[in-house]
Amino acid sequence: MMLVSAVIGTVVVAAAKSPAQPVTPTPPAAAAVVTPKPTPLPTKYVVLTFDDGPDAEYTPKVLDVLAKYDAKATFFEVGQNVRKHPELTKRIHDAGHSVQNHTWDHSDLRKLTAAKFQQEVSSTDQAIRAQTGSTPTCLRPPYGGVSATVRQRARQLGKGLVVWTVDSRDWTKPGTAAIVQRVLKNVHSGSVILMHDGGGNRAQTVAALPAILTALKAQGYGFRTLSC
């Protein structure tokens with residue numbers, strides 16, 4: 001918000017034989033308030049998501065590529081990895097990306113007791129909040145494992161469940177070209193694309209990312225991040 005200061009001129013009182021009358025100063029003009037216009041969200045867009053980090057080797061490389069192409073993403077982080085690499089979670093957040101919850105140790109939420117479910121989510125919330133200052137509102141269930149019970153428990157914790165619509169299957173390490181092809185073949189406006197920055201060797205994902213981003217931008221796609 002920019003405040004434009006008013007310029008107040010100096011009042012000069014001429015000498016006269018009669019006693020000078022008090023001079024009422026001119027009130028300053030009201031300050032003009034300029035509100036920056038928010039950057040409009042792209043109408044044709046995809047949501048890039050990265051799971052299982054942060055990872056000391058691959059997360060920084062993913063962040064560097066995203067920065068080069070001016071693309072924002074959502075990182076679904078595993079709590080125990082946040083504990084190991086808190087500085088990376090902070091870096092992700094400070095770069096303008098969204099940091100969300102992917103449980104503490106990548107447990108299948110369908111197989112947990114209610115108490116364990118809450119522990120998995122809440123402990124990860126706490127670790128992320130310590131680095132970003134905000135609590136995640138989205139929860140990505142590991143393996144895409146969703147059930148009526150998982151939905152109910154997530155709702156009770158104030159979390160929206162997020163899966164994906166385009167699976168790069170990069171975790172299978174099919175080769176860079178295959179990852180690029182799977183994403184671009186199935187993408188459309190509003191797609192939520194699943195990739196990984198942690199959980200194993202993600203060199204192929206890092207290598208595929210420039211080609212994916214170049215093609216998406218050439219097709220007129222913008223990038224949105226998630227909050228629930």
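Me: What is the handedness of the crossing of α6 and α7?

Reply: The crossing of α6 and α7 is right-handed; a crossing is given that label if the near helix is turned clockwise from the far one by less than a right angle, and left-handed if anticlockwise. This is a predicted model, in which local features need pLDDT of at least 70 and side-chain atom pairs count only at pLDDT 80 or more, whereas totals for chains, interfaces and linings use all residues. Residues are numbered from 1 along each chain as its sequence is written, and side-chain values use heavy atoms, with hydrogens and water left out.

Me: Why is α6 called oblique to α7?

Reply: Helix α6 (residues 176–186) and helix α7 (residues 203–218) pack at about 40 degrees, with axes 8 Å apart. That makes α6 oblique to α7, since angles under 35 degrees count as roughly parallel, over 145 as roughly antiparallel, 65 to 115 as roughly perpendicular and the rest as oblique.

Me: What makes α1 and α7 roughly parallel?

Reply: Helix α1 (residues 58–68) and α7 pack at an angle of about 10 degrees, their axes being 10 Å apart. The two helices are therefore roughly parallel to each other.

Me: Why does Thr-132 count as buried?

Reply: Thr-132, which lies in helix α4 (residues 114–132), has 13% relative accessibility and therefore counts as buried; the term means under 20% relative accessible area, with exposed over 50% and partly exposed in between (1.4 Å probe, protein chains only).

Terms used: Helix = DSSP H or I, 4+ residues; strand = E, 2+ residues; numbered from the N terminus. Axes fitted to C-alpha atoms, helices over the stretch in contact; angles between N-to-C directions.
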